[in-house]
Structure formats: C-alpha cells, structure tokens
Amino acid sequence: MKGRYKNTAIFVAFLLMYCAQGFTQETNEEVLPPFSEFKDPKTRTWFNTYGNIRISKRLFWVAQTHFRFEETEETPFIGQIGQVYNRHAIGYIYNKKINAALGGVMRINFNTDESSTDRNVVPEFRIWHQYQFAMPVYSAMIYHRIRIEHRWTQGFEENSEYIFRNRWRYMFRAKIPLNNHKLEPKTLYVSPEAELIMQSGRAVVGSVMEDLRLTTTLGYILTPRLTVAGGLMYSQGQTLENAGIFKQNLTLRFHLYFSPDFRKVRNKLPAIHLND
C-alpha cells in the first residue's frame, strides 16, 4: 500500500510539473533574446503641417496633416508612403504660457512590405489630449509638453482585431534665436528636442518604451503667422512583438507652421508657439 501511495504521489507530482510548465509556456508567449538586439536603422522622411487657428480669446483649433514616408527594399531612401495623419483638436489658452488641447486622430497606415499579400491600407483611430507649458530663458523659449493618446491599431491581415494601447509622451524642446535677440519675423532659430514615448495595454508585455526621439531642427520665422523648419531625428524603441528587440530610425522632418487669426486684433506673433 505504501508503495502504491508513493507511486501515486510521484505521478501527481509529475502531472503538476507538466501542467505548470504548459501554463508557463502559454502565458509567457514573449521569449526574450539573451542580449538586446538592435535592428538596422531605417530611413524615413516626414512632411508635416501644423495649424493653430485662433477662434476666440481662449479657444483655438488644432489642424495638423502629416505625410510620412519610409524606406523599402525597392525605394531605399525616401521610400514609400507609410502613414497619413489627420490630427484635430480644440485647444484652450489658460494664459500666455499654458495651454491644453483635446481631440481625435484619423491615421491611415499603408503596407510597405512589398512581399506582403495582406491588405494595403488600414485605418487607425486615436483620442488625444495634451498640456503644454512654456517659459522664457533669456532670449530662448523652453517648452514642456505632456501628451496622452488612447490608440486603436489593427494589423494588415484580413479580419485582424483592433488592439487598444495608451501612449504616455513627454517632450522637452527649446527654441533659440541665432540672428536676433528674440523670436520674431526674419529670425533663424535652432530647436533641440527630446521626447520619450511610453505605452501600456494588454498587448504590451514588456515593450513599455515605444520610442525615444532626439531631434535637432533649424527654423525660420517668415511672418508673424508663418514659420518653416527642417531637421533630423534619431529614434529607437522596443518592438511590440519582443521587448528585447529595438527598432531604430533616422528621420528627415520638414515642418510648416501656420497660425491664422480671424479676430480683429493686431497682427503679432502668438505669445507662445502653441503646438508641435
């Protein structure tokens, strides 16, 4: 009898070990590599427009359109169209140095995998809100921006389900005039920028750092309501599929800022550069 109980106990122990091993394999789908792996940098080119349209003393309309290209095997540098952004919001000016905005994003994602047989275009939806703080430092202007995005994404596979994620973004940016003592028309300025983008959600196992962006931009203020700029951005972040694998990008960015004001006020530069 004792031997029978002993054999039964051994059998139950092995069964529990097998079930535990199977449960671990099913729940821990993400297998990390022994060392962090960095993908080769991918080149991208972005053409962005940023509109801040003043509609009242406290309110302004955010109207942004972005065209983003990325390299492929057949088109290595500028590449093919990857995303088209339509970002809109209503902003509120608390005072000359603090503003906030709330709105939505309709992003169109294009399949740039030339060997893929899946869908070519899928939509992506976001709700976003941000809070920006500006402070002058001598002749320069320093900006802190907190942006939170609620994001629904879908793969290019047919009938793929939407994945919900939150994005938590903090950006530090400076605008430093080069040929003048203040930011006004006919002023050339340099703008260093750093932004950290974190993400959370059920689909995010360990890939919490979606992107770290480091940018240097050179801009020129044409008129009180029109500015052009361009720069180079390096970014890296964890892939959603595996937290141990990092993507890298080198991105040329070209910007057009416009801020019409249809109210009957003097034609002057906004107290702060409201958005980016």
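Which strand holds Leu102? Leu102 is found in β5.

## Model basis

This is a predicted model, where local features need pLDDT of at least 70, side-chain atom pairs count only at pLDDT 80 or more, and totals for chains, interfaces and linings use all residues. Residues are numbered from 1 along each chain as its sequence is written, and side-chain values use heavy atoms, without hydrogens or water.

## Surface patch

Leu102 belongs to a nonpolar surface patch with Met106, Phe125, Ile127, Trp152, Tyr162 and Phe164. Together they have about 620 Å² of accessible area. Patch residues have over 30% relative accessible area and no salt bridge, and nonpolar side chains are joined within 5 Å. β5 (98-110) and β6 (121-137) each supply at least two patch residues.

## Nonpolar cores

A nonpolar core joins buried residues (under 20% relative accessible area) through side-chain atoms within 4.5 Å. The largest has eight residues: Phe60, Val62, Tyr85, Ala89, Ile93, Ala101, Val105 and Trp128. β3 (59-70), β4 (80-95) and β5 each give two or more. β4 gives the most, with three. A second, separate core has five residues, including Tyr50, Tyr189, Ala229 and Tyr257.

## Ser160

Ser160 sits in the loop between β7 (140-153) and β8 (163-177). Ser160 is buried, at 16% relative accessibility. Its side chain makes a polar contact (N or O atoms within 3.5 Å, one able to donate a hydrogen and the other to accept it) with the side chain of Arg119, at 3.4 Å. A polar atom of the Ser160 side chain lies 2.9 Å from the backbone oxygen of Gly155.

Note on methods:
Patches are made of residues with over 30% relative accessible area and no salt bridge: like charges are joined within 9 Å, nonpolar side chains (Val, Leu, Ile, Met, Phe, Trp, Tyr) within 5 Å. Accessible areas come from the Shrake-Rupley method with a 1.4 Å probe; for residues, only the protein chains shown count as cover. A salt bridge is a side-chain nitrogen of Lys or Arg within 4 Å of a carboxyl oxygen of Asp or Glu. Helices (H or I, at least four residues) and strands (E, at least two) are DSSP runs, numbered from the N terminus. Buried means under 20% relative accessible area, exposed over 50%, partly exposed in between (1.4 Å probe, protein chains only).
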